[in-house]
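The following account leads through the structure displayed here, from its overall organisation to individual helices and residues.

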Amino acid sequence: SKGFDACDEIADDIKEENGEDIPNTIDNSNIDITLLSKLILEKNWDVALKRLKDFPAEAEKWRFQHEEDGSVKWKLPIHDACYRQPPLKFVKKLIEAYKVGIGCQ
């Protein structure tokens, strides 16, 4: 689908910019994490909703996370939010801010 193609292009650009060989000493850390993503990871929904309203472009910002098995996971705020069971209002605002994000994996 069109959404997946856009996500693949974005992910490729990010990988090219940041490189694939990140030192293994950074396990389980988030690199270049936005305040919106940090608030989502903390399940601070009220403050995250305000942040999203003030800075909607942060809904488009990918972050990557090193897993214990050495793999790297690429995530958008929508991925982190849905995993943490946010209020429906928050999910709707995330989708409104970055519709392409719902088609990204």
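**Helix packing and selected residues**

In this predicted model, the buried residues of helix 5 are covered by elements that include helix 2 (35-41), helix 3 and helix 4 (77-83). The residues concerned are Phe90, Val91 and Leu94, which are buried in helix 5. They span an arc of only 100° around the axis and therefore lie on the same side of helix 5. The face turned away from that buried side carries the exposed residues Leu88, Lys92 and Glu96.

The setting for this arrangement is a protein chain with five helices and three strands. Along the sequence, these elements follow the pattern α-β-α-α-β-β-α-α. Of the 105 residues in the protein chain, 36% are buried. Among contacts between residues at least 6 apart in sequence, 60% join residues at least 24 apart.

Helix 3 can be described in similar terms. Its buried residues are Trp45, Ala48, Leu49, Arg51 and Leu52. Because they cover an arc of only 160° around the axis, they are placed on the same side of helix 3. Asp46, Lys50 and Lys53 are exposed residues on the face of helix 3 turned away from its buried side. The buried residues of helix 3 pack against helix 2, helix 4 and helix 5.

How are helix 3 and helix 5 oriented relative to each other? Helix 3 (residues 45-54) and helix 5 (residues 88-97) pack at an angle of about 20°, and their axes are 10 Å apart. Since angles under 35 degrees count as roughly parallel, the two helices are therefore roughly parallel to each other. The crossing in which helix 3 passes helix 5 is left-handed. On the side of helix 3, the contact is made by Trp45, Ala48, Leu49 and Leu52, while helix 5 contributes Lys89, Phe90, Lys93, Leu94 and Ala97. The residues of this contact comprise seven nonpolar and two charged ones, with no polar residue.

Attention now turns to single residues. Ser37 is placed in helix 2. Is Ser37 buried or exposed? Its relative accessibility is 1%, and Ser37 therefore counts as buried. When neighbours within four places in sequence are left aside, Ser37 is in contact with Arg63 and Pro77.

Tyr83, by contrast, belongs to helix 4 and counts as exposed because its relative accessibility is 69%. Although Tyr83 and Leu41 are 42 residues apart in sequence, their C-alpha atoms are 9.5 Å apart in space.

The loop between helix 2 and helix 3 contains Lys43, which has a positive phi of about 60° although it is not a glycine. Lys43 is partly exposed, with a relative accessible area of 48%. Gln85 lies in the loop between helix 4 and helix 5. Phi of Gln85 is likewise positive, near 50°, in a residue other than glycine. With 70% relative accessibility, Gln85 counts as exposed.

Definitions and conventions
Residues are numbered from 1 along each chain as its sequence is written. This is a predicted model: local features need pLDDT of at least 70, side-chain atom pairs count only at pLDDT 80 or more; totals for chains, interfaces and linings use all residues. Side-chain values use heavy atoms; hydrogens and water are left out. Axes are lines fitted to C-alpha atoms, for helices over the stretch in contact, and angles run from 0 to 180 degrees between N-to-C directions. Helices (H or I, at least four residues) and strands (E, at least two) are DSSP runs, numbered from the N terminus. Angles under 35 degrees count as roughly parallel, over 145 as roughly antiparallel, 65 to 115 as roughly perpendicular and the rest as oblique. A crossing is left-handed if the near helix is turned anticlockwise from the far one by less than a right angle, and right-handed if clockwise. Contact means heavy atoms within 4.5 Å. Ala, Val, Leu, Ile, Met, Phe, Trp, Tyr, Cys and Pro count as nonpolar, Asp, Glu, Lys and Arg as charged, and the others, Gly among them, as polar. Buried means under 20% relative accessible area, exposed over 50%, partly exposed in between (1.4 Å probe, protein chains only). The arc is that of the directions from the helix axis to the C-beta atoms.
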